[in-house]
Amino acid sequence: MLNKYARAFFTRVLTPFAALLIRIGVSPDAVTLVGTGGVVAGALIFYPLGEFFWGTVVITLFVFSDLVDGNMARQLGRSSRWGAFLDSTLDRVADSAIFGGLALWYAGRGDSLVLCGMAIFCLASGQVVSYTKARGEAIGLPVDVNGLVERAERLVITLVACGLSGLHAFGVPGVEILLPIALWVVGIGSAVTLGQRVVTVRRESAEADAMAQGGNSA
């Protein structure tokens with residue numbers, strides 16, 4: 001849901017910025033690479049140190065590159081398979097850095113192996129959720145389901161909770177509990193989404209096989 005409506009809103013907002021980058025000669029691929037590099041740096045430098053507020057500020061600034069590069073490609077009329085591949089691949093890298101940074105914090109100064117494990121589970125389940133759709137589409141199925149928690153929801157829930165938890169360093173009491181709650185929500189939501197997609201692929205593949213057999217028998 002967030003992926004559908006939020007993406008459309010921010011695409012409109014960021015269109016003038018995308019047009020400016022085109023005018024000064026920046027390529028969509030360069031924006032993709034810089035954006036991913038910024039997210040990775042923000043996550044792996046700030047989060048393991050427990051600097052959740054500033055880490056989230058840095059990550060959020062660079063996350064919007066995911067919308068800017070596609071906007072630029074459409075304005076240039078250069079939408080390509082390579083651009084889509086690069087964007088999707090680097091999305092996985094960015095997501096891994098975010099949850100990896102949180103896992104490093106909880107494995108170290110955060111001192112919670114349970115939450116370290118949950119961060120790793122969020123990382124792994126998010127990757128598999130994306131893979132199920134990509135693999136289903138690769139074998140010719142529509143995979144006509146979004147699921148409870150897609151990438152947009154995973155990022156929004158996690159980054160908002162991280163940013164608010166970081167306010168603890170500025171003296172705001174009680175907010176540090178938000179990040180553990182978010183990790184459990186994202187982990188459980190990702191598991192449910194994975195189940196939804198697996199069930200959908202099983203149903204669609206059975207229907208496709210039945211149609212193929214019917215066509216062969218005719």
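Begin by selecting helix H6 (113-138), since this tour of a predicted model opens at the second largest cavity, where H6 gives the largest share of the lining, 4 residues. If you colour the lining residues by class, you will find 3 nonpolar, 2 polar and 2 charged.

How many cavities of 30 Å³ or more are there? The count comes to 2, and the next stop is the largest cavity, with a volume of about 120 Å³. Select Thr36, Ser65, Asp66, Asp91 and Arg151, which are the closest to its centre of the 15 residues that line this largest cavity. To see the elements around them, show helix H2 (28-46), helix H3 (52-63), helix H4 (65-76), helix H5 (81-107) and helix H7 (151-165), each of which gives two or more residues to the lining of the largest cavity. Coloured by class, this lining has 6 nonpolar, 4 polar and 5 charged residues.

For the last stop, turn to the spans that an unreviewed UniProt entry lists under "transmembrane region", namely residues 52-68, 152-171 and 177-195. Select residues 52-68, where the chain is 94% helix and 0% strand and where the end C-alpha atoms are 25 Å apart. Then move to residues 152-171, a span that is 70% helix and 0% strand, with its end C-alpha atoms 30 Å apart.

Definitions and conventions. Residues are numbered from 1 along each chain as its sequence is written. This is a predicted model: local features need pLDDT of at least 70, side-chain atom pairs count only at pLDDT 80 or more; totals for chains, interfaces and linings use all residues. Side-chain values use heavy atoms; hydrogens and water are left out. UniProt positions are given in the numbering used here, feature names are shortened, and annotations may be inferred rather than shown by experiment. On a 1 Å grid over the protein atoms alone, a cavity is a set of points where a 1.4 Å probe fits but cannot get out, and a pocket is an open set with protein on both sides within 12 Å along at least five of seven lines; lining residues have an atom within 4 Å of a point. Grid points are joined across faces, edges and corners, and a volume is the space filled by probe spheres set on the points. Ala, Val, Leu, Ile, Met, Phe, Trp, Tyr, Cys and Pro count as nonpolar, Asp, Glu, Lys and Arg as charged, and the others, Gly among them, as polar.
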